[in-house]
Amino acid sequence: GVAKSRIMSKLFCTSSSPEAVELYEKALFAYCASQGSPLPYLEEALKLDGGFVLAHCMMGSIWLGVLKSPTDPDVVRHVEAVRELGSEVTERERAHVKALLANASGDLPGALDVWANILVHHPTDAFAVRNYFISCIMLGEFVKMRDCLSSSIPFWSEDTELYPHILGFYAFSLEENNQRDRAEELARRALSINKRVTWAYHALSHVMEEERDPQAGVEFLTSSSEHWIEDGLGGHIAWHLSLYHLDLGNTEEVLKVFDETLCKHLVPYDHLALIDAASLLWRMSSVCGLDPGEERWKKVMDGFGYYNKGEIKTAFIDSHLLMVLARGKVTECAARLALARELLKTMAEYSKRDTSWNCKISDMIGVPVCNALLAYGEEKYSEVVSLMLPLRYDFVRFGGSWAQRQVYSVTLIQAAIRANQISLALALVSELKGLKPMNRTLEKLFQDLKERWKDQQEQKQQKQQPLQDSQTERSSSGKEGDTATVPPSPPPPVLATPPPTPMPNPLPFNTKHCCHATALIPGTYTQPT
C-alpha cells in the first residue's frame with residue numbers, strides 16, 4: 001500500500017502498514033530535529049512491515065553515519081533488504097535506495113549527487129534534505145549545502161512541523177558561507193516559531209563566536225539552555241559555550257562544561273563528542289598553556305577505544321585522536337609516543353590504499369597535519385610550521401565547521417610563536433582576528449606579538465647601525481658628491497590572502513572503499529565548532 005506522509009507535504013511512503021508509516025514519521029522528526037533517537041521507532045516500524053524501504057534506508061544511513069563498516073551486520077541487514085525490495089517502490093524511494101548503496105560502498109560524494117537530484121523533484125523530502133545537509137558538512141561542501149537549502153526552503157509550508165528545523169539547517173549553511181546577518185535573522189525566525197530548534201541555536205552560537213563579545217555568547221546560551229541541552233546536538237552547543245568561557249579566561253567554567261556535559265557522550269560511536277572533547281583539551285593545554293588534568297585526557301582516550309582494533313575513521317576524526325596521543329611533551333611518555341607513531345603509520349598506509357574520497361583526504365591533509373601535531377608534541381615547532389602553513393587553505397577539506405577547524409589554525413599560530421617566527425605569527429593572528437574581531441584572546445595575542453615584532457625590528461636596526469656608520473664614513477672619504485644609500489629595514493611580511501574560492505568538488509572515488517559517513521550521531525549530526 002501507499003500512505004501519505006504528514007511531515008513531508010504531498011509525498012508518499014510505500015508500506016503495507018499505516019501504523020509503520022506513523023512510526024517512520026516519528027523517526028524522521030527525531031532524525032531532522034535532533035530530538036531523541038529515531039532507532040526505536042524504525043525498529044518497531046520494521047516489525048510491522050519488514051519490507052518498508054524508507055525505514056531500511058534510514059536505519060542503514062544511521063549505522064553508516066556512525067562509521068560502522070559496510071560488513072557490520074547492522075548495515076548488511078538493511079542494505080540487503082533494499083537490494084531485494086527496491087524494484088517494488090516509487091521512483092523517489094528507488095533513488096533513496098541508490099543513495100544508500102552508494103554510501104555503503106564508500107561513495108559519499110555519489111550519494112550526495114543522488115540526494116541532490118531527489119530534491120530537484122521533491123524539495124520537501126526531509127530525509128533527503130537532512131542527509132544532503134550533513135553530508136555537505138562531512139565533505140566541506142558548504143556552497144552546495146547553502147544552495148540546496150536555498151532551493152528547498154520556498155516549497156515548505158510554515159505550518160509544517162519540520163519547517164523551523166529545516167530553517168535552522170538553512171541558517172547554519174548561511175553562517176558557514178559568511179552570510180552571518182541573514183543567518184542570524186533566519187535562526188531567530190525559526191526560534192520564534194519553535195523555541196526548541198537545535199540547529200538554530202547552533203547557527204547563533206557560531207555567529208556570536210565570530211561577531212559578538214564572548215560574554216554575550218555565555219549569556220545567550222546559558223539563558224536558553226533548557227531548550228537545547230537535552231537534544232542530540234546539545235553537547236556540541238555546550239562545547240561552543242566552553243569556547244566562550246575559554247576566551248574569557250573562565251577556566252573553572254570550561255572544565256565544568258567538560259565534566260558535566262561533554263563527558264556524558266564520550267563513547268566510541270559518538271564521534272562529534274570525541275572531536276569536541278579532544279579539541280577543547282588540546283586548545284587548553286597546547287594553545288593556552290593550561291592543565292586540564294590527566295584524568296580528563298584518559299576519559300577522551302577511552303572514548304577512542306576503537307583504535308585498539310586499528311580502525312581508521314576519517315582524517316578529521318583521526319587528527320583529533322592524534323591530539324590526544326601527542327598532548328604535552330609526548331616524548332616523556334613512551335607509550336603514547338609509540339601509539340601516535342603507530343597511528344601515523346596506519347594512516348599513511350591507508351591513504352595509499354585506493355583513490356577513494358577518504359583516502360584522498362587522508363593523503364592530502366590528514367597525514368601531514370597529523371605529522372605536524374606529533375611534531376608539536378615533540379616540540380619541533382619549525383617542522384609544524386613547514387607542514388601546516390602550505391595547507392591552511394585546504395583545512396576545509398577535513399569537513400566539520402569553521403569553528404571546529406580553527407583548532408588547526410591556532411595550533412599553527414602557537415607553533416610559529418614557539419619557533420620565534422614572530423612576523424609570521426603576527427600575520428596569521430591578524431588574519432584570524434579580522435574574522436573574529438571581538439575575540440579577547442586574539443586581541444591580547446595580537447598586541448603582545450606586535451610589541452615583540454617591534455622589539456625585533458629595533459634589534460635588527462641596532463645590529464645594522466655599525467654597518468651603516470661604516471658605509472657613511474667610506475662615503476664621506478670618497479669623491480665630493482658621492483653618496484651612500486642604506487636601504488631601509490623591510491616591513492613585516494604580510495601573508496597574501498587569496499580571493500574566496502569555491503569549495504572543492506568531490507574527489508575521485510573508488511566505490512570499493514568502505515569508509516564513509518552521513519551522520520556522526522544517530523538522530524543528530526548525520527562531523528564534530
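Residues are numbered from 1 along each chain as its sequence is written, and side-chain values use heavy atoms, with hydrogens and water left out.

**View 1. The whole chain.** The chain holds 23 helices and two strands. Helices (H or I, at least four residues) and strands (E, at least two) are DSSP runs, numbered from the N terminus. Of the 529 residues, 59% are buried. Buried means under 20% relative accessible area, exposed over 50%, and partly exposed in between (1.4 Å probe, protein chains only).

**View 2. Phe52 and the largest nonpolar core.** A nonpolar core is a set of buried Ala, Val, Leu, Ile, Met, Phe, Trp, Tyr and Cys residues joined through side-chain atoms within 4.5 Å. The largest one has 177 residues, and Tyr24 and Phe52 touch the most other members. Helix α19 (residues 357-377) gives this core its largest share, twelve residues. Beyond four places in sequence, Phe52 touches residues including Cys13, Ala20, Val21, Tyr24 and Leu46. Contact means heavy atoms within 4.5 Å.

**View 3. Helix α14.** Val254, Leu255, Val257 and Phe258 are buried in helix α14 (residues 251-260). Seen down the helix axis, the buried residues of α14 fall within an arc of 155°, so they line one face. The arc is that of the directions from the helix axis to the C-beta atoms. Their cover includes α13 (234-248), α15 (271-287) and α16 (294-303).

**View 4. Ser286.** Ser286 sits in helix α15. Ser286 is buried, with a relative accessible area of 6%. Leaving aside neighbours within four places in sequence, Ser286 contacts Tyr376, Gln414 and Arg418. Met323 lies 37 residues from Ser286 along the chain, and their C-alpha atoms are separated by 9.4 Å.

View 5. pLDDT is the predictor's confidence in each residue, from 0 to 100. The chain averages 86, and 84% of the residues score at least 70. Over residues 480-484, pLDDT stays under 50, and the model has four contacts beyond four places in sequence for them. Residues 496-529 also stay under 50, with 157 such contacts. Where pLDDT is low, the predicted coordinates should not be read in detail.

Definitions and conventions:
Predicted model: local features only at pLDDT ≥ 70, side-chain atom pairs only at ≥ 80, totals over all residues.
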